[in-house]
Amino acid sequence: MISKAFYRSLPVMAGYIVLGIGFGILLRNAGFGVLWAFAMSVFIYAGSMQYVGIGLLTGGASVITTIITTIMVNARHLFYSISMIDKYKNSGRYKPYLIFALTDETYSLLCDDKGPSADTIDRYRFYVSLFNHCYWITGSVIGSLLGAVLPFSTRGIEFSMTALFIASFTEQWITSKDHIPALTGLISTVFCLIVFGADRFLIPSMLLITLILTIIRKREESPK
Amino acid sequence: MTAVILIAAMAVTTMALRFLPFLIFGNKTPGYISYLGKVLPQAIIALLVVYCLREVSVITAPYGIPELIAGISVALMQVWKRNAVLSILLGTVIYMILIRII
């Protein structure tokens, strides 16, 4: 069961270690050493937010600015949680950690995963989440220790993250009969990217997706 | 000291976003929320694909060609073998080769 969870987490390993190293290096360059990298990766555990956080730390941001920025960058986690409410309903003692550790990548692994068996599903989800968390912490600590001595040859390995999402998308496409949600997500996001630009399309995309899916549901439910 | 407070603010805010839906809808999930839970994953995965590729420019060299070829390889491999690790490995290797030769 643990080995199945480990195998499931493998696609995230390379991505998290590489992105973690990048974060650790940037944080060190900003004047914060390995303990800071460790603490941020353990307690915040949100990749893109930690990258943004480096700028907040060095730019002398206020607490209010920090909170608002965090809400903007991490608002998508509301949506991850909403879609996991039913699945994590009976997770018992694993539940707090499962919710805490629900990152983009962990979500993409677990949102459709039925696990090895119904009675071990919560432990399985727990280990997948924990392994991913460990990769992220390990990466940021290595990066902080390495400083600027990142081997050049790993350039491009960050595509593993993109590839993970494309593989999940393809798998969901194959297994589901209704492709409207996937197409809604794709078209809305591309539309918002063009309209709002790469720095601020995330929130509008999520709102647009939710709006369209809500309208579709209303239509399906109304009597014909 | 300021840094400790800012990091705590980021940690607590992130946690709040993750826990809030569970605290609000935890015991009795309204039908609408269950519906969102069912359809959102597919839409959000699509969003994340676009999010990862947001910096890719299709009007300047190399016109997103490495991403396009590597991305299609991932999808085709997934359709063929249904093995995520294999698809991701193949796509990443192809991408790393392409950005060095294009």
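A residue is counted here as buried if 20 or more other C-beta atoms, placed from the backbone, lie within 10 Å of its own. By this criterion, buried residues account for 46% of the 224 residues in chain A. The structure is a predicted model, in which local features need pLDDT of at least 70 and side-chain atom pairs count only at pLDDT 80 or more, while totals for chains, interfaces and linings use all residues. Residues are numbered from 1 along each chain as its sequence is written, and chains are lettered from A, with ligands numbered from 1, in the order in which they are written.

Chain A holds 11 helices and zero strands, where helices (H or I, at least four residues) and strands (E, at least two) are DSSP runs numbered from the N terminus. The radius of gyration of chain A, taken over C-alpha atoms, is 19 Å, close to the 17 Å that the globule rule (2.2 Å times the number of residues to the power 0.38) gives for 224 residues, so chain A is as compact as a globular protein of that length. Along the principal axes, the C-alpha atoms of chain A fill a box of roughly 65 × 45 × 35 Å.

Two residues are taken to be in contact if their C-beta atoms, placed from the backbone, lie within 7 Å. Among contacts in chain A between residues at least 6 apart in sequence, 76% join residues at least 24 apart. The contact between the chains takes 67 residues from chain A and 55 residues from chain B, and on the side of chain B that touches chain A the largest share, 19 residues, comes from H2(B).

Technical notes. Buried ≥ 20, exposed ≤ 12 C-beta atoms within 10 Å, placed from the backbone.
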